[in-house]
Amino acid sequence: MNITSLLTKDTVLLDLAASSKEAALSELDGKLDEAGKLSDREAFMNDILAREAQSTTGIGDGIAIPHAKSSAVHEPAIAFGRSAPGIDYEALDGQPAHLFFMIAASEGANNDHLEALSRLATFLMDGKFRERVLKAASADEVLAAVNDKERELEEPEEPAEPAQVQAEAAPSPGKVLAVTACPTGIAHTYMAAEKLNERAKERGIPIKVETNGSSGVKNRLTPEEIAEADVIIVAADTKVEMARFDGKPVIQTKVGKAIHETDVLLDRATQKDAPIYHAEAKSDKGDSTEPKSGFYKHLMNGVSNMLPFVVGGGILIALSFFWGIHSSDPASPEYNAFAAMLNTIGGGKAFFLMVPVLAGFIASSIAERPGFAPGMVGGLIAITVSGVEGADGGSGFLGGIIAGFLAGYVTLFVKKMFAKLPDALEGLKPVLFYPLFSIAITGIIMMLINPQLTKLYTGLSAFLEGLGGTNQVLVGLIIGAMMAVDMGGPVNKAAYTFGIAMLDAGNFNFIAAVMAAGMVPPLGMALATTLFKKRFSRQEREAGKTAYVLGACFITEGVIPFAAADPARVIPASIGGAAVTGALTMLFDISLRAPHGGIFVMGLVDGGIMKVLLYAAAIIAGAFVTAFLAGMLKKPAVPAA
C-alpha cells in the first residue's frame, strides 16, 4: 500500500494557524475529522493526548509525529501540517517543530496499513526529503515528494521494506544485533531501526535489527545469530523478549536514544562496553528492558508513586493558609473548621503516608509484589520510631529510602530461602512465608538502626543552640544549608526547631532565615525546569509547575521528586541556594514573627516595605543560585520516545 493512499490532499494543511502544541494537535485532529477519517473526533484526540502523556512525539529535527491506534478511527489515515514559524512541541532536541504528521491507525488496521504508516516514519530520517516537504508550495508537491521517495526505495539496490532493517551479512563473530520497540509500534520503532541500520552501514559495522511494531515482530533475531553476536542493543520503551539474551553482552536503552545518540550506542557496541544480561530463572517472554537491579529504576518507582501525596497534600496545606497561618489550631482566634480539615488531610494524612509509600514502592520494584508490605512497614517505622528521648519523629525521607531498599533486598533473600520448598507449599509462599519473614526482618533492622539515624536530629539541634553567640551571617548560612539537606527530614527539622526556639525566646531573625531558606529548594528547582528545559524530563517539568506553589508556601518537600531522582546533583544545588538565602536574610537583619506560611506571611516582616522587598530579594537570589547550579550540574534528560 502506498503512503499517498493514506495521506491525501484533503488531509494536508500547508499553513497551520496553531501557535501551541495542543492547538496544533486539535487542528490536525479536525482535518482528519473533516475528511471523514474519524468516527469520534473527541475520542481520537483523547487517545492522541494519552500517547503524548507517555512521552513527546516531537522527535527533533523540526518533526513531530503524533500518533495513536484508536477505535475512534473510521479509516486509517495521515494528516500533514506545516508551521513556518515553528511550534514549541517539547521535542527531544528542544527545537521548534515545523512538520507534523498525525498518524491515525484503527484498532483493526491490517498489516498493509501499518507498514505504510511505519514506512513514513523512516522517510522522515532523510534530510533531503524533509527539506523538500518543508519547501513544497502546494499539497500536490507534498504528495509528489512522498511518491518519489517511495519509488526511490523500490529500486533494486534498495531494500523493499525500509521499515524492516535487513541483515547486511551472515551472522559472524563481532556482529552487532539490535531490537527496537516503542509503546504503539508505529513510528519510533522503525525510525530507530532505520537510523541504526543507516549509521552502521556508513561505519562498516555488520548489523541486524529486529523491529517489534504494531504489525508484529519483523526481521526476528535467530538463536544462531544471538549465539554468534558480539553485543546486542535493546532500544525499547515497552516489553520485549529478553530471556533469549541470557549470558550475552546487552546494552539496554530508550528507543529515543537509538534515534538521537546512534553513534554513542554503536561506539559502545564496537568497544564491547556492555554488561552481561542475566535472565531470571522462570522468565521466557516479556521481560522488562531495564535490569531489575537498577538503583535509579527502583528509586523512581518509589518517587513516581509518592508524588501524588506530595503534590495533593502540599497544595491542601497551602489552601488552609488562606484562612490564616494558625487557622488549623483550635486555640487560635483564626481557627476555621474547614481550613483545619484541609490541613489534617494534607499534612496529617497525605504527608504522613508519603514516606511509607516511597519505601513500599521502592521495595516492590526490587522484589515485586512481596516487597510492598515490608517496604511500607519499614517506611512507617522510619517516620514514627525515634528511640531517642526528646525527638518526636524518626529519620524521615532518607530513612524511608533506606527502608525501601532494605525491604526489597530482604524480600529477595527470603524468596531465595524458600525457593526449594515442596510444590505442595507453593501457595503458602506469597500469603504466609514471604510477608511473615520479610516484614519481621525488615522491621527489626529498622527498629535497630532508626534511633541512630534519629540521633542526627538531637545532635544537630544541640549544635545549633551552641551557635547562638556566633556571627549571625555564618549561622544563617549554616541553618539555610541544613534546611535543604534532607527536605523535611531530621536535619531540616533540627534547623526549623532551632528557629522556633529562637522565636519563643524573642529573637525573630532566625525563623526568618529558616523559612526563606526552606522555600528555596522547590522554588529553585522549579525555576531550573523553566530555564533549563532540556535537562529535565517532561514529568519533571510538570512537577516544576507544582514546585513553584509548594515553594511559595514554605513546603520544602516539594523538591523531593527532583532530589530522589538525582540526589547527587539536586541536593548540592539546593544546599547552595538555601545557604545563600539564609546568609542574606541574616545580613539584611530580617525579622519575622510567623513560624510558617511562606509568601502568605511576608507582610509580618518587621521594618516596613523595604524589609519585605529585601526578604523577597534574598529568596529570589537563592532560588536563582539553586537553578543555575542545577542547570550546570545536571546532564540533559534522556527522553522517552
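Student: In which helix is the place of Phe-123?

Tutor: Phe-123 is in helix α3, which covers residues 111–123; helices here are DSSP runs of H or I with at least four residues, strands are runs of E with at least two, and both are numbered from the N terminus. This is a predicted model, in which local features need pLDDT of at least 70 and side-chain atom pairs count only at pLDDT 80 or more, while totals for chains, interfaces and linings use all residues. Residues are numbered from 1 along each chain as its sequence is written, and side-chain values use heavy atoms, with hydrogens and water left out.

With a relative accessible area of 0%, Phe-123 is buried (buried means under 20% relative accessible area, exposed over 50%, and partly exposed in between, with a 1.4 Å probe and protein chains only). From C-alpha to C-alpha, Phe-123 lies 8.5 Å from Met-191, although 68 residues separate the two in sequence.

Another buried residue is Thr-411, whose relative accessible area is 0%. Thr-411 belongs to helix α13, residues 396–417. Neighbours within four places in sequence aside, Thr-411 is in contact (heavy atoms within 4.5 Å) with Ala-367, Pro-370, Gly-371, Pro-374 and Ser-438.

The loop between α11 (337–367) and α12 (372–384) holds Glu-368. This residue is not a glycine, yet Glu-368 has a positive phi of about 60 degrees. Its relative accessibility is 39%, so Glu-368 counts as partly exposed. Phe-554 likewise has a positive phi, near 60 degrees, in a residue other than glycine, and sits in the loop between α18 (538–552) and α19 (560–565). At 6% relative accessible area, Phe-554 is buried.

Helix pairs come next. The axes of α15 (residues 472–485) and α17 (residues 509–531) come within 8 Å and cross at roughly 40 degrees; axes are lines fitted to C-alpha atoms, for helices over the stretch in contact, and angles run from 0 to 180 degrees between N-to-C directions. This angle makes α15 oblique to α17 (under 35 degrees counts as roughly parallel, over 145 as roughly antiparallel, 65 to 115 as roughly perpendicular, and the rest as oblique). Among the residues that meet are Val-475, Ile-479 and Met-483 in α15 and Phe-510, Val-514 and Pro-521 in α17. By class, this contact of α15 with α17 has 9 nonpolar, 3 polar and no charged residues; Ala, Val, Leu, Ile, Met, Phe, Trp, Tyr, Cys and Pro count as nonpolar, Asp, Glu, Lys and Arg as charged, and the others, Gly among them, as polar.

For α20 (residues 567–587) and α21 (residues 609–633), the axes come within 8 Å and cross at roughly 160 degrees. These two helices are therefore roughly antiparallel to each other.

The largest nonpolar core has 48 residues, and those with the most contacts inside it include Leu-7, Phe-80, Leu-196 and Ile-233; such a core is a set of buried Ala, Val, Leu, Ile, Met, Phe, Trp, Tyr and Cys residues joined through side-chain atoms within 4.5 Å. Not counting residues up to four places away in sequence, Ile-233 touches residues including Val-176, Leu-196, Ile-251 and Ala-269. Apart from that core lies another, of 34 residues, among them Val-514, Met-519, Ile-590 and Ala-594.
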